[in-house]
Amino acid sequence: MTVSFAYLAGSAAFADQIFVALKHWLVGYIPAAAQPIVSALLSVIPLMVVFPALFALTTVCERKGLGRIQNRYGPNRTGPFGLFQPIADGIKSLTKEDIVPRAADKVVHFVAPIVLVVAAFVAYAVLPVGRNMVAANLDAGLLYFFAAGSIAELSVFMAGWSSRNKYSLLGAMRAIAQMISYEVPLILASVTPIMAAGSLSTVAIVDAQASYSRIWPHWFVFTPWGFAGFLLFMIAATAESNRSPFDLPEGESELVAGYFTEYSGFKFALFFLAEYLGMFAVSGMGITLFLGGWAAPLSFLTWIPSWVWFFTKLAGLIVVFIWIRGTVPRLRMDQLMNFAWKFMLPMTLINLLNAAVWRFMPLGMVRWMVCAILIFVPYLIFSRALLQGQHFEKRTYTFAE
């Protein structure tokens, strides 16, 4: 019996570290002088393969999910159950004509989508997708992540300005205003896990949540400040990703397609790819900060490989993004900005105080009650102030048979 348990434990450990072991095995056949470069490539290339593949799968799931939500069929013609639709879309993007406006700045117009994709990819370097599975374990990994993400704002402006189209420029200015406004609460919401873990390293933040009390994990989301911080972080992440209901930069009813109105063919597909890669990256950071990263949800499930848990959590957040897109209507621009500065920003600042109170209060129910009140009361105050003067009418929906 002891031998069987030891064998199972060894098999679980091997499955958990199989990709790490495979990398070390391959690097061992490389000359010592070239090993650092090859090791870096073997860390980067899987990320550049896995997440674009996840993008292709997500587009199919999203289109089929939105179809079901809207009482229609999704893609069901290309391949079994429509699963080959991303391949057809990719071929279509590659074969479509690349049209560039005559007055456009052709160099900047060409570079903008490439910069956006690169900005999305480099953010993955500090995401621990499993135990010992991070491309770059930086002491200031969180700062690196947000610094890399800020490049997206520059690329969006490059796309809108270089097109020499007023609708593209308006879409770019909308996007920049939105991204800057929600980047502030996004960063402030991520400060609370830094305070709890005492480190800016994403690996250290996950390690701080990887322990258990009996079977229950020590994830930050299971605290009042962590739960509030997670919700605030994901709302801001939705806006940063230009996802519904915050998809105003590409409001087709008034701006045609926003900052990429003058893009076609494969360059348009790059914008589409970058949007989803950014959504995956910021969702991965939310998992790292609040949901324990690669840690299992219960102590007796730690035999399942850590990278499986990371991608399972990521898939859950993607489903939530799709669900929100299919059910929540788009905001107006004034509602979007008011929500950022009159609700999100003060709530994230109060949550910083809440995390400090949690840290210095003694253990017990009193700490839970005080910290819950510190979140709930400001939420009521700011939400009522935000809704003051708003008039809502009952809507009637008619569904197809």
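I started with F81, which counts as exposed because its relative accessibility is 67%. My cut-offs are these: buried means under 20% relative accessible area, exposed means over 50%, and partly exposed is in between, with a 1.4 Å probe and protein chains only. I noted that this is a predicted model, where local features need pLDDT of at least 70, side-chain atom pairs count only at pLDDT 80 or more, and totals for chains, interfaces and linings use all residues. Residues are numbered from 1 along each chain as its sequence is written, and side-chain values use heavy atoms, with hydrogens and water left out.

**Entry 1**

I looked up where F81 sits, and found it in the loop between α3 and α4. For the helix names I use DSSP runs numbered from the N terminus (helices are H or I, at least four residues; strands are E, at least two). The phi of F81 is positive, about 60°, although F81 is not a glycine.

Next I turned to R164, in the loop between α7 and α8. R164 also has a positive phi, near 55°, and is not a glycine. I put R164 down as partly exposed, since its relative accessible area is 45%.

Then I checked a peptide bond. Is the bond from S244 to P245 cis or trans? I found it cis, with omega near 10°. P245 belongs to the loop between α10 (224-240) and α11 (252-255).

**Entry 2: helix α5**

I followed α5 through residues 106-122, which makes 17 residues. From first C-alpha to last, α5 reaches 25 Å, close to the 24 Å expected at 1.5 Å a residue. The expected span is 1.5 Å times one less than the number of residues.

Where does α5 have its kink? I located it at A112, shortly before the proline P113, with an angle of about 25°. The bend at a residue is the angle between axes fitted to the seven residues ending there and the seven starting there.

I listed the buried residues of α5 as V108, H109, A112, P113, L116, V117, A119, A120 and F121. A reminder to myself: an α-helix has 3.6 residues a turn, so residues three or four places apart point the same way. The buried residues of α5 pack against α3, α6 (141-149), α7 (151-162) and α12. Contact here means heavy atoms within 4.5 Å.

Setting aside residues up to four places away in sequence, F121 touches L47, M48, P52 and L277. I also compared F121 with S264: they are 143 residues apart along the chain, and their C-alpha atoms are separated by 22 Å.

**Entry 3: empty space**

I searched for gaps, remembering that rolling a probe the size of a water molecule over the atoms shows where empty space is left. On a 1 Å grid over the protein atoms alone, a cavity is a set of points where a 1.4 Å probe fits but cannot get out; a pocket is an open set with protein on both sides within 12 Å along at least five of seven lines; lining residues have an atom within 4 Å of a point. Grid points are joined across faces, edges and corners, and a volume is the space filled by probe spheres set on the points.

The largest pocket has a volume of about 1,200 Å³. I found 46 residues lining it, with T59, R63, F268, F272 and Y276 nearest its centre. Which helix gives the largest share of this lining? That is α12, with nine residues. By class, the pocket lining has 21 nonpolar, 12 polar and 13 charged residues. I count Ala, Val, Leu, Ile, Met, Phe, Trp, Tyr, Cys and Pro as nonpolar, Asp, Glu, Lys and Arg as charged, and the others, Gly among them, as polar.

My search of the whole structure gave one cavity of 30 Å³ or more. The largest cavity holds about 400 Å³ of space, and its lining has 23 residues, with G149, A152, M179, E240 and G278 nearest the centre. Here too α12 gives the largest share, six residues. The cavity lining divides into 15 nonpolar, five polar and three charged residues.
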